[in-house]
Amino acid sequence: MKLRPLTLEDEAEATAAHAELERENFEFLLGYESGMDWSDFPQQTEHLQRGIGVPAGRVPATFLVAEDEGRIIGRVSIRHRLNEYLLSVGGHIGYAVLPAFRRRGYASLILEAALVEAHGLGIESVLLTCDADNLASKATIERHGGIQEGAPDGGAKLRYWIGL
């Protein structure tokens, strides 16, 4: 498994992944909307990484797809800093594994590689959040050293910090 930037050649596979996870109310391609012209989208993710034209309410972020044996199996978004929303809901790292590839250890590999990327960006401690009922994500975060911040607020999100 490796993480890599999106390319123009990824259109069919990436948009199919987006549509699939959209049915789970999860945004695979951040900022992408069905029917959007793909020819600009990979460059938009590169610009977001470099802090160029960052939309209101967002922060510079590195977006990478996870690939294994030539197939996109998931993705990760590494936010370079936190704004108020990310501090309370989203965290530094958001990752996803496509349903066909779940329960094979890919989430762990994606998170491990994302932590290396985050460290390379100079982030010293990352915040990860997950839904309280997402036991697989909770276990993945805890296996990578995630320390839960406080007790669950009775709501939907658990918050974890990992020192790098």
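Trainee: Which residues does Gly94 touch, not counting residues up to four places away in sequence?

Mentor: Gly94 touches Arg75, Val76, Ser77 and Arg79, where a contact means heavy atoms within 4.5 Å. This is a predicted model, in which local features need pLDDT of at least 70 and side-chain atom pairs count only at pLDDT 80 or more, while totals for chains, interfaces and linings use all residues. Residues are numbered from 1 along each chain as its sequence is written, and side-chain values use heavy atoms, with hydrogens and water left out.

Trainee: Why is Gly94 called buried?

Mentor: Buried means under 20% relative accessible area, exposed means over 50%, and partly exposed lies in between (1.4 Å probe, protein chains only). Gly94 has 14% relative accessibility, so it counts as buried.

Trainee: What agrees with calling the protein a compact globule?

Mentor: The radius of gyration is taken over C-alpha atoms, and the globule rule is 2.2 Å times the number of residues to the power 0.38. For 164 residues a compact globule would come near 15 Å; the protein has 15 Å, so the value agrees. Along the principal axes, the C-alpha trace spans about 45 × 35 × 30 Å.

Trainee: What share of the residues is buried, and what share of the contacts with a separation of 6 or more joins residues 24 or more positions apart?

Mentor: Buried residues make up 41% of the 164 residues. Residues 24 or more positions apart account for 57% of the contacts with a separation of 6 or more.

Trainee: What makes the contact between Glu67 and Arg4 a polar one?

Mentor: A polar contact is a pair of N or O atoms within 3.5 Å; within protein, one must be able to donate a hydrogen and the other to accept it, and residues adjacent in sequence count only if both atoms are side-chain atoms. The side chains of Glu67 and Arg4 are joined at 2.8 Å, so the distance falls within that limit. Glu67 is found in strand β2 and, at 14% relative accessibility, counts as buried. Among the residues that Glu67 touches are Met1, Lys2 and Ile73.

Trainee: How do you know whether Thr62 is buried or exposed?

Mentor: Its relative accessible area is 3%, and Thr62 is therefore buried. Thr62 has its place in strand β2, and its side chain makes a polar contact of 2.8 Å with the side chain of His80. Beyond four places in sequence, its contacts include Gln49, Val76 and Leu121.

Trainee: Why is Glu13 called partly exposed?

Mentor: Its relative accessibility is 30%, so Glu13 counts as partly exposed. Glu13 is found in helix α1 (residues 11-22), and a polar atom of its side chain lies 2.7 Å from the backbone nitrogen of Ile72. Apart from residues up to four places away, Glu13 touches Gly70, Arg71 and Ile72.

Trainee: Where is His47 found, and what is its relative accessible area?

Mentor: His47 is found in helix α2 (residues 41-50). With a relative accessible area of 26%, His47 is partly exposed. The C-alpha atoms of His47 and Arg159, 112 residues apart along the chain, are separated by 28 Å.

Trainee: What is the phi of Glu69, and what is the phi of Arg103?

Mentor: Most residues other than glycine have a negative phi. Glu69 has a positive phi of about 50° although it is not a glycine, and the phi of Arg103 is near 65°, also positive. Glu69 is in the loop between β2 (61-68) and β3 (71-79), and Arg103 is in the loop between β4 (93-97) and α4 (106-120).

Trainee: Why are Glu69 and Arg103 called exposed?

Mentor: Glu69 has a relative accessible area of 79%, so it is exposed. Arg103 reaches 84% and therefore counts as exposed.

Definitions and conventions: Helix = DSSP H or I, 4+ residues; strand = E, 2+ residues; numbered from the N terminus.
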